[in-house]
Amino acid sequence: MNRFLQPKLVKRCFAVVLGAALIVPFAPAASAADTTIGAVSNVETNGSTTTFTAGSAKVRVVFQRDDVFRIWLAPTGTFTDPNDDPAPGQPNADMVVKRDYPAVPVTRVDLADRYELRTAKAVLTANRNPLRFSLSTPDGRQIWSEAKGLTWTGSSASQSLSRGATEQYLGGGMQNGRFSHRDQTLKILPEGEWEDGDAPNPSPYYMSSAGYGVFRNTFTEGSYAFTEPVRTTHKENRFDAYYFVGDYKTSLDRYTELTGRPFLPPIYGLEYGDSDCYNRGHYLKDPDTANDWKVQGANTAKQTTADAVTVAQKFVDNDMPRGWMLVNDDYGCGYSNTTDYVQNPDPNGVEKYIGTRDVTALTSAGDELRKRGIQMGLWTESKLDKQPEEVGKAGVRVRKLDVAWVGAGYRWGLTGCDEAYKGIENNSDARGYSWMVSSWAGAQRCAVQWTGDHSGSLGAIKWQIPAIHGSGNSGMAYTAGDVDGIFGGSSESYVRDMQWKVFTPAFMTMSGWQKPAYAKQPWSFGDPYTSINRKYLKLRERLLPYLYSYAAKANATGVPIARSLPLEYPDDAKAYGDAAKYEFMVGSEFLVAPMFDAGSTKNNIYLPKGQWIDYWSGDKIEGPVTINGYNAPLDKLPLFVKAGSVVPMYKAGINNHSEQAPGDRLTVDVYPSGATTFDRYEDDGVTRAHRTGGSATQKISVLADKDIAVNLGAVNGDYAGKPAGRPYELTIHSGSAPGVVTLGGQQLSKLGSKAAYDAASTGWFFDQTDRGGVLYVKTPSVASGQSAVVTATR
């Protein structure tokens, strides 16, 4: 990409770099040239593998689990796999990473007109003439049925499935502006555009409300038409798909087991990220035209890598939360204490000039950033050739992938993702953490996927909401969009965008591209905007133990942190509709309904069945209900908590995870309703010791009847730095004052005022004026190996 082009042209130039094979629109339809598989002439079964022969074609069915199987078509009878070892020098990342499935008991039943392959959880039927598959549960409920047999041309292969009367479809990766796909046709390819309707991070995976998911095992582009019949096509002369039997969460579990679990990020990866070039403002002569080319046209001020430290200090001076910074986020931007640029020695490089790279200067900047609680990251520039120095010496802990991985196919992108992630791990004791765009199946194991280079506006917020939560329906547990975009934006759109993105799995701002120039840091517009941004960033810091626990769950199961409503309410028809499109769940507890219209009124907020609590007022609302006229001034994000929620939080006021010491007081925010639990997860937050057992969990249980009992379970497990114990603070949204509060049967002292409570180390106070009535309780330190029960008796 030419760094000197105008932003819109830069974007389009990037699309060209991806390779023509990736950007040609592809929406194949049936034609006279289609060949549909014919009658079965032979069938052979060997263990969990059955091979059907139909003319010259063969179809192999392989059961990996009793609820996971593969249908693999070879039109010529010779099977090929896109994950086979490539030629030397070619990308080598695989989509499929699990191959050690144990043997699965499969029973083959031969009937007059069909064959049945039976496991404990699925029955796959193969009609004899013509060969046509259908899937059902062992008790006979049909899950899917082919409308016609597998079909292929010289350059594509398709499957056609009958569609249920109310069947819904999720997945396809990051589809900007969309998440529920019935009656839609998805492009499973990135076209180098980042706006509404584009697909910056597609995935050849989808799942259905009928109880199944499908992963097409291919690196080729595709088209999924969720019409009647459903027709899914990829641009290759073979068909290869894995099927997962079960509900949405089961399908995501099985899919990510096969292609790679979402990575567990270091704790700073869940904090706010800042990015810029910090090495720009130098003019050069284009040797071809003798015209001036200005490095990073949005800002004429010369900067060097050392200037990143100045910005880092502004985070401190502005009392602003932070986690990491990219200190060279720009095309061709190096890292040094000079503004010198040199001719790119790489003849295949997309940049005419590149910045110099001085590891000593980078190390110095990194040391200063870490003193301020900020981890340092790098945009990959043009290749990943200095990871030992950048990671091992300078302390780089974050990678943004942009040019290093570009090549003729998605396997290049997946290979670059793996290399960047492993580069951090191979040269330090830290976990890998990287960002990428134009990803593919499997990239959830090594990177955050983000929406690309778009402008900031209220309208852009609207399409990013379904783009981000919808990505989770393809196992992408960490998806993001630049706060207020890379271009454009305003004080209002910045605040509104920041508000809801503090509830997304990862987020950052990107400065340096906007004209006229202004930095995209949260203090850029001054008050009241700075104060509002600070408020939400500090809330994000407090929620880290909650979010980190869900990150561990995503790593174990593939279920994302930010969730489309159908993941929690699959049988609610409105969970697939327009209102639900523009809101999302965070875990099972929070519902976020971002503002994307001007003004202070929010309409069409849908709350599913159950009781919900307005996070700011404490008002209780019974669902299902659609709310109109909700008052949301600029400093207020429409945010609701499900009754029964248990939310662990860090102490108030912190700006970085390091400010919460392991033994510091942990807050548990409780919205009592019946019997509920939360499984809290903790480890050292940075290293890979958790992969070998270095972690701990704590079950926090609440029973709310006449009295309210909160059981702070023992913290089971061990890791380096685990505290021997910690005190707790409970904030119980009870609505009424108790008569007595006890800890383990012993009464705690009642304090006479909130000020007295704040000054005390133990005791309780009920504040009727706080969000409908909140009971505050402080406990003494509780040993990690012991449980403790706090009871509020009414």
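How many disulfides does a search of the whole structure find? I ran the search and it finds 1 disulfide, a disulfide being a pair of cysteine sulfur atoms within 2.5 Å.

Notes on the model. I am working with a predicted model, in which local features need pLDDT of at least 70, side-chain atom pairs count only at pLDDT 80 or more, and totals for chains, interfaces and linings use all residues. Residues are numbered from 1 along each chain as its sequence is written, and side-chain values use heavy atoms, with hydrogens and water left out.

Entry 1, the disulfide. I looked up the pair: Cys417 and Cys446, with sulfur atoms 1.9 Å apart. The torsion about their S-S bond is about 120°, so the disulfide is right-handed. The pair links distant parts of the chain, 29 residues apart. Cys417 lies in helix 7 (residues 410–426), and Cys446 lies in the loop between strand 27 (434–436) and strand 28 (448–450). Helices (H or I, at least four residues) and strands (E, at least two) are DSSP runs, numbered from the N terminus. Cys417 is buried at a relative accessible area of 0%, and Cys446 is buried at 0% too. Buried means under 20% relative accessible area, exposed over 50%, and partly exposed in between (1.4 Å probe, protein chains only).

I noted that the largest nonpolar core has 210 residues. Such a core is a set of buried Ala, Val, Leu, Ile, Met, Phe, Trp, Tyr and Cys residues joined through side-chain atoms within 4.5 Å. Helix 11 (residues 544–557) gives the most to this core, with 8 residues. Among the residues with the most contacts inside the core are Ile71, Phe133 and Trp144. I then listed what Trp144 touches (contact means heavy atoms within 4.5 Å), not counting residues up to four places away in sequence: the list includes Phe69, Leu124, Gln159 and Tyr243. A second, separate core of 5 residues includes Leu751, Tyr757, Phe765 and Tyr776.

I found 6 of the 6 residues of strand 12 (residues 169–174) buried, so the strand is largely enclosed by the rest of the structure. Strand 12 pairs with strand 14 (residues 201–208) in the antiparallel sense over 5 bridges; pairing requires that DSSP finds at least two bridges. Gly171 has Tyr206 of strand 14 as its bridge partner.

In helix 4 (residues 307–317) I found Ala308, Val309, Val311, Ala312 and Phe315 buried. Seen down the helix axis, the buried residues fall within an arc of 160°, so they line one face of helix 4; the arc is that of the directions from the helix axis to the C-beta atoms. They pack against strand 19 (273–275), strand 22 (324–326) and helix 5 (359–371). Just after helix 4, Asp319 takes a positive phi of about 55°.
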